[in-house]
Amino acid sequence: MAELDVGRHCQVERCRRRDFLPFVCDGCSGVFCLEHRSRESHSCPEVTVIHERLKSDKPTSYPCSFKDCAERELVPVTCPYCEKNFCLRHRHQSDHECEKLEIPRPRMVATQKLVKDIIDSKTGETASKRRKGAKNSETAAKVALMKLKMRADGDKSLPQTERVYFQVFLPKGSKEKSKPMFFCHRWSIGKVIDFAASLTSLKNDNNKLTAKVTIDYNFPKALG
């Protein structure tokens, strides 16, 4: 009686088992037994290709060369002096204790200190002059106000607390260019103009609508 040719042998060389229900690999199209049906078990070439592809697709990272630092960067950060790679936190020479870091010489340090002392001294002198200038300006203003109050003309019956002092500039043709005066801070502009006109003996038609104003009531200078 002839032997029936049923099933196929496993293609794994160390196995070669005949399986009546063999498995066909969908990767390499090989025929395998139940034990070697998976790609890993029969070292399928397709699995190797996939692993190599995944390995090549894995992003490259660059480790930091600084001691005890485990940081990695996706792009290389190379020190231009020691030419080693570092993370962003240790990218500067002083941060990674660069072996090519130049230490300032004592003479250079002394020169830097001298320059700093000169700059500080000049800055101090400038600040002192500014303070002195501001103080002189303040003193001059106080003296000018005191002189103005001494020479100012006005209603002597007004209490000191109600007086406001002006250096009134008079119209062209007047005997004086300007005259110090004081007025009551509660007076209206019209009353101030009338009083100033009477003090300087100027013609005053300011209370007439059609008259030309004889005194400019936009006093340019006031002290008080």
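C33 is buried, with a relative accessibility of 0%. Buried denotes a relative accessible area under 20%, exposed over 50%, and partly exposed in between, with a 1.4 Å probe and protein chains only. The closest cysteine sulfur to that of C33 belongs to C10, at 3.8 Å, which is too far for a bond. C64 also takes part in no disulfide; its nearest cysteine sulfur, in C87, is 3.7 Å away. A disulfide here is a pair of cysteine sulfur atoms within 2.5 Å. The whole structure contains zero disulfides. C64 is buried, at 9% relative accessibility.

The model is predicted: local features require pLDDT of at least 70, side-chain atom pairs count only at pLDDT 80 or more, and totals for chains, interfaces and linings use all residues. Residues are numbered from 1 along each chain as its sequence is written, and side-chain values use heavy atoms, with hydrogens and water left out.

The chain holds three helices and nine strands. Both are DSSP runs numbered from the N terminus: helices are H or I with at least four residues, strands are E with at least two. The order from the N terminus is β-β-β-β-α-β-β-α-β-β-α-β. Of the 224 residues, 24% are buried. The chain exposes about 17700 Å², of which carbon and sulfur atoms supply 54%. Accessible areas follow the Shrake-Rupley method with a 1.4 Å probe; for residues, only the protein chains shown count as cover. Among contacts between residues at least 6 apart in sequence, 25% join residues at least 24 apart. A contact means heavy atoms within 4.5 Å.

V31 belongs to strand β4, residues 31-32. V31 is buried, at 5% relative accessibility. Neighbours within four places in sequence aside, V31 contacts R8, H9, C10, Q11, P22, F23 and V24. H9 lies 22 residues from V31 along the chain, and their C-alpha atoms are 7.5 Å apart.

N85 sits in the loop between β6 (72-73) and α2 (106-151). N85 is buried, with a relative accessible area of 14%. Residues up to four places away in sequence aside, N85 touches Y62, P63, C64, S65, P76, V77 and T78. A polar atom of the N85 side chain lies 3.2 Å from the backbone oxygen of P63.

Note on methods:
Polar contact = N/O pair within 3.5 Å; in protein donor to acceptor, adjacent residues only side chain to side chain.
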